[in-house]
Amino acid sequence: MSLLYKEVDDFEVYAYHQKQFKKVTKKDLLGKWTLFFFYPADFTFVCPTELEDLQEKYQEFKKVNCEIYAISTDTHFAHKTWHDISENISKIEYPMIGDPTHTLTYDFDVFDENDGLAQRGSFIIDPEGKIVVYEVNAGNVGRNAEELLRRLHACQFVYEHGNNVCPAKWKLGEKTIQTSIENVGK
C-alpha cells in the first residue's frame with residue numbers, strides 16, 4: 001500500500017537539538033514543509049556521510065520553510081553522545097529524533113524487522129502533514145541532499161501552482177509544464 005498523500009499520524013518522540021532534549025509531535029510539522037530522514041543507526045558507516053551532506057544543505061532547506069528531522073531507532077541520549085564525540089556529527093544543526101519504541105519507523109513503514117533498525121527512508125511532508133514524496137534505499141546506498149532539495153522545490157512549486165507540473169530534472173526557476181489539453185503528450 002502506498003504512503004503517498006497519507007496524513008502523518010499523531011506522535012510524540014524526543015529529539016536532541018541545539019544541546020537540548022526536545023519533545024517533537026505532529027503539531028510541530030504542520031504549517032511548514034518537513035523532511036523526515038530515517039537512517040539505520042548512529043556510529044555506523046554510510047549514515048554520518050548522509051547526515052553531513054544534509055547539514056551542508058540545511059540552510060537552503062530552512063530558507064524555503066522546511067525543517068529536517070534525522071530519525072533512527074537509537075535514543076535521543078545516543079544522539080547526544082554521538083554529537084558530543086564526533087567532530088563531523090557535532091556540526092549537525094537540525095533535530096535528531098530517537099525512535100527506540102519504533103513509533104515513527106512503523107508508521108512510515110521503514111522498520112527492518114530482521115535488523116531492528118530503520119531503513120534509509122526519505123519523506124517530504126507538506127504543510128498539511130501529508131506525505132508527498134518518499135523513497136526507501138537499500139542500507140548500503142547513501143542518499144543525496146541536493147536531490148532531496150530539488151524534489152522539495154518541485155513539491156513546493158506544484159503545491160503553490162496546481163496547474164503546472166515539473167518535468168524530469170526540473171530545478172527551481174526553470175520552465176514548468178502547464179496542464180492543458182494543448183500540452184498532452186509533449
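1. Basis. Residues are numbered from 1 along each chain as its sequence is written, and side-chain values use heavy atoms, without hydrogens and water. Because the model is predicted, local features need pLDDT of at least 70 and side-chain atom pairs count only at pLDDT 80 or more, while totals for chains, interfaces and linings use all residues.

2. Helix H1. Helices (H or I, at least four residues) and strands (E, at least two) are DSSP runs, numbered from the N terminus. H1 covers residues 46–63, which is 18 residues. From first C-alpha to last it reaches 27 Å, close to the 26 Å expected at 1.5 Å a residue; the expected span is 1.5 Å times one less than the number of residues. At Lys57 the helix bends by about 50°, the bend being the angle between axes fitted to the seven residues ending there and the seven starting there. After H1 comes Asn65, with a positive phi near 60°.

3. The buried side of H1. Among the buried residues of H1 are Leu51, Leu54, Tyr58 and Phe61. Buried means under 20% relative accessible area, exposed over 50%, and partly exposed in between (1.4 Å probe, protein chains only). The elements that cover the buried residues of H1 include strand E4 (66–72), helix H2 (76–85) and helix H4 (145–160).

4. Strands E1 and E2. Strand E1 (residues 12–17) pairs with strand E2 (residues 20–25) in the antiparallel sense over six bridges; two strands pair if DSSP finds at least two bridges between them. Glu12 is opposite Thr25 in E2. The two strands form a hairpin with two residues between them, and Gln18 in the turn has a positive phi of about 55°. E1 also runs antiparallel to E5, joined by three bridges, with Tyr16 opposite Met96 in E5.

5. Aromatic pairs. The whole structure has 16 aromatic pairs. Rings of Phe, Tyr and Trp (its six-membered ring) pair if their centres lie within 6.5 Å; planes under 30 degrees apart count as stacked, over 60 as edge-to-face and the rest as tilted. Tyr106 and Phe111 have ring centres 4.9 Å apart and planes at 55°, so this pair is tilted. Phe111 counts as buried at 13% relative accessibility, whereas Tyr106 is partly exposed at 46%.

6. Phe108 and Phe123. This aromatic pair is edge-to-face, at 4.9 Å centre to centre and 75° between the planes. Both residues are buried. Phe108 lies in the loop between helix H3 (103–107) and strand E6 (111–112) and Phe123 in strand E8, so the pair ties together parts 15 residues apart in sequence.

Key:
Contact means heavy atoms within 4.5 Å.
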